[in-house]
Structures are given as structure tokens and as C-alpha cells.
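Biologist: Could you walk me through how the labels for this protein were reached?

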Amino acid sequence: MRAAEAMQRLLRASWIWTNLQAKASEVIAQATGAEAGLVTTGAAAALTLGTAACITGLDIVKMEKLPDTSQLKNEVIIPRHHRNVFDHSIRAAGVKLVEVGLFGRGIGVGVRGSKTGR
């Protein structure tokens, strides 16, 4: 079957999104040994949703407030050497990143701070 034909068949199909997500969660959990799984559009979305889940737990009232975290626990501790281009994905949930640790390059330690020129 060609891709265009497959897309046409999918356009005529319908499903209940929550049921699809629940089944995907079961499959991911079984494959990984995790409690549950979540399909996302990529790493950035996973970081945002994971951060939001840490802030709100199962509290729907807190969920509705996001990204306003002014009355919630809203700081995420992150090792300085783990900062990267995905930081914005964590901050999108409404939190402030709090760096801890030493800057590896500045003191010549760690993979990025080695004296080999990396």
C-alpha cells in the first residue's frame, strides 16, 4: 500500500483519542517496565509535560493554572552541566530553573571541561 492510500484510509477512520492514548500508555509501560507511558511529539514536549506533571501531580485545579505557577512550587533544580537548548521546554511549564554545581569548563573537569580541547 502506498503512503497516499494509507493516508486516505486513515482520513476515513475515527477513534476516541483517550482510548488510543490509554492503549499506547499500556504498551509503553509494558515495553519499558514503567508505571505508564505517554506519547509526545518529541523531546521538548515530553520535558514540558513531565515538568507540568511534577508541579501539579493529579490536581486538576493546579493543571488549569499552568503556566501560571505563582502560587505553586515553581523551581526546578538542574545541574549546571545539564543546561542545554531544551531548557526552554522545562521553563514553558512556568518554572524557574535553579542551577547547582560547578561550571566544568571553568575548573577543568568533566567531559566538556577537559583539557583536551573539547
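Modeller: Happy to! This is a predicted model, where local features need pLDDT of at least 70, side-chain atom pairs count only at pLDDT 80 or more, and totals for chains, interfaces and linings use all residues. Residues are numbered from 1 along each chain as its sequence is written, and side-chain values use heavy atoms, with hydrogens and water left out.

Biologist: What makes a residue a contact of T69, and which ones are they?

Modeller: Contact means heavy atoms within 4.5 Å. Leaving aside neighbours within four places in sequence, T69 touches I55, N74, A93, G94 and V95. For G94, the backbone oxygen lies 2.5 Å from a polar atom of the T69 side chain.

Biologist: How do you know that R83 and D87 form a salt bridge?

Modeller: A salt bridge is a side-chain nitrogen of Lys or Arg within 4 Å of a carboxyl oxygen of Asp or Glu. Between R83 and D87 the N to O distance is 2.3 Å, and the pair is a salt bridge. In general, side chains of opposite charge can pair when their charged atoms come close.

Biologist: Why are R83 and D87 given their accessibility labels?

Modeller: R83 has 31% relative accessibility, so it counts as partly exposed. D87 has a relative accessible area of 8%, and is therefore buried.

Biologist: What is the N to O value for R83 and E99, and what does this pair tie together?

Modeller: The side chains of R83 and E99 meet in a salt bridge at 2.6 Å, N to O. R83 lies in the loop between β1 and α5 and E99 in strand β2, so the pair ties together parts that are 16 residues apart in sequence. Strands here are DSSP runs of E with at least two residues, helices are runs of H or I with at least four, and both are numbered from the N terminus.

Biologist: Which residues do salt bridges with shared partners join into one network?

Modeller: Those residues are R80, R83, D87 and E99. The bridge between E99 and R80 also has an N to O distance of 2.6 Å. These two residues, in strand β2 (residues 96-100) and in the loop between β1 and α5 (87-91), are 19 residues apart.

Biologist: How many salt bridges does the structure hold?

Modeller: It holds four.

Notes. A polar contact is a pair of N or O atoms within 3.5 Å; within protein, one must be able to donate a hydrogen and the other to accept it, and residues adjacent in sequence count only if both atoms are side-chain atoms. Buried means under 20% relative accessible area, exposed over 50%, partly exposed in between (1.4 Å probe, protein chains only).
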